[in-house]
Amino acid sequence: MKLLTNIASVATVLSRWTIMVALLSFAADIAWAQQNRVLVPSGSFHSVMPEVEGEAVKVNTFYLDVTAVTNEKFEKFLDQNKNWQPNEVPAVFTNKGYLKHWKEEGQRPDYEDVGRERPVTNVSWFAANAYCQWAGGRLPTLNEWEYSAQLMDFDSSTEINEFTTKLVSWYSSVDTKNIGEVGSTGIKTRVGVKDQFGLIMEWVEDFKPPVADELSLDCGTVGRMQQLGNAYSYAASIRYITRMSYNPRSSTSMIGFRCAYDDIDSKFKLEEEEL
């Protein structure tokens, strides 16, 4: 009887220990999530795309990665999803440019060449979508991405003008061979999202809005999309038009991505390595 009592006591202790470990793991998950993704509160914004006059585009609350997905994180995704490795991925999901900046031998990033903590580029929309699903999220919608990008505060018109000039300069001569680290642009929204300007272009869930077929990448189109006349107008116009020139298989050295989430406690895949 005493032996059974001792076994029951040990089982109780182990059960409590298991629960405690699970709670600590969950707390660690939440801490990781809070460091790497932020809440973007609901609101509205005016798009450069045609909209109902006087009615801003409404966006619901969502979570968004603080920075773009890096080569390091995408490499971990490939470690667990062999079918997305460059020599395995079906041609229907990407073109020949897929991860071309990685080493051919071993299918790994050449960090001496590309540097550490750089945003992954040369990924197709399909691959970006698969990564975000694996990470428990999804690609942000076009409206979510653009709304988040406009959540910036300026103290003066001079600061706005300086920001606009900086953007025009960057979009006029994107240097894809010398991409900086994520978080290095110094551009940050009021809720903490970084680098939505000045680092790379990014995939969004609906990157080709319905009116895209009527637009082309020319100066006249860009000019007609400047009706907002604010600091974001030129940059947003370039993003819309550039995305329209892509298809879901496109993989270029200019475009990467970040993920959005509907819940902070969605699945976590990278936390153990990141903590």
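1. Cys259 is counted as buried, its relative accessibility being 0%, where buried stands for under 20% relative accessible area, exposed for over 50% and partly exposed for the range in between, with a 1.4 Å probe and protein chains only. Cys132 is likewise counted as buried, at 0% relative accessibility. The two cysteines form a disulfide with their sulfur atoms 2.1 Å apart, the term covering a pair of cysteine sulfur atoms within 2.5 Å, and the structure holds one such link.

2. Helices (H or I, at least four residues) and strands (E, at least two) are DSSP runs numbered from the N terminus. The link of Cys132 and Cys259 is left-handed, with -90° about the S-S bond.

3. This is a predicted model, in which local features need pLDDT of at least 70 and side-chain atom pairs count only at pLDDT 80 or more, while totals for chains, interfaces and linings use all residues. Residues are numbered from 1 along each chain as its sequence is written, and side-chain values use heavy atoms, with hydrogens and water left out.

4. On confidence, the protein chain has a mean pLDDT of 80, and 71% of its residues reach 70 or more; pLDDT is the predictor's confidence in each residue, from 0 to 100. Among the elements of the chain, H4 has the highest mean pLDDT (97) and helix H9 (residues 271-274) the lowest (43). Over residues 28-34 the pLDDT is below 50, and this stretch has 12 contacts in the model beyond near neighbours in sequence, a contact being heavy atoms within 4.5 Å. Residues 268-275 also stay under 50, with 20 contacts beyond four places in sequence. Where pLDDT is low, the predicted coordinates should not be read in detail.

5. Turning to the sheet, three strands form an open sheet in the order E1-E4-E7, with antiparallel pairing. Strand E1 (37-40) and strand E7 (260-261) stand at the edges, each with a single partner strand, so one side of each is left without a neighbour in the sheet. E1 pairs with strand E4 (residues 62-65) in the antiparallel sense over four bridges, pairing being assigned if DSSP finds at least two bridges between two strands, and Arg37 stands opposite Asp65 in E4. Helix H5 (residues 142-149) lies across E1, E4 and E7 and runs at about 75° to E4, where axes are lines fitted to C-alpha atoms, for helices over the stretch in contact, and angles run from 0 to 180 degrees between N-to-C directions.

6. A search of the whole structure finds 10 salt bridges, each a side-chain nitrogen of Lys or Arg within 4 Å of a carboxyl oxygen of Asp or Glu. One of them joins Arg138 to Asp262, with the closest N and O atoms 2.9 Å apart. Arg138 lies in the loop between H4 and H5 and Asp262 in the loop between E7 and H9, so this pair ties together parts that are 124 residues apart in sequence. Arg138 is buried, with a relative accessible area of 16%.

7. A further salt bridge joins Arg243 to Glu146, the closest N and O atoms being 3.2 Å apart. Arg243 lies in helix H8 (residues 233-244) and Glu146 in helix H5, so parts that are 97 residues apart in sequence are tied together. Both Arg243 and Glu146 are buried.
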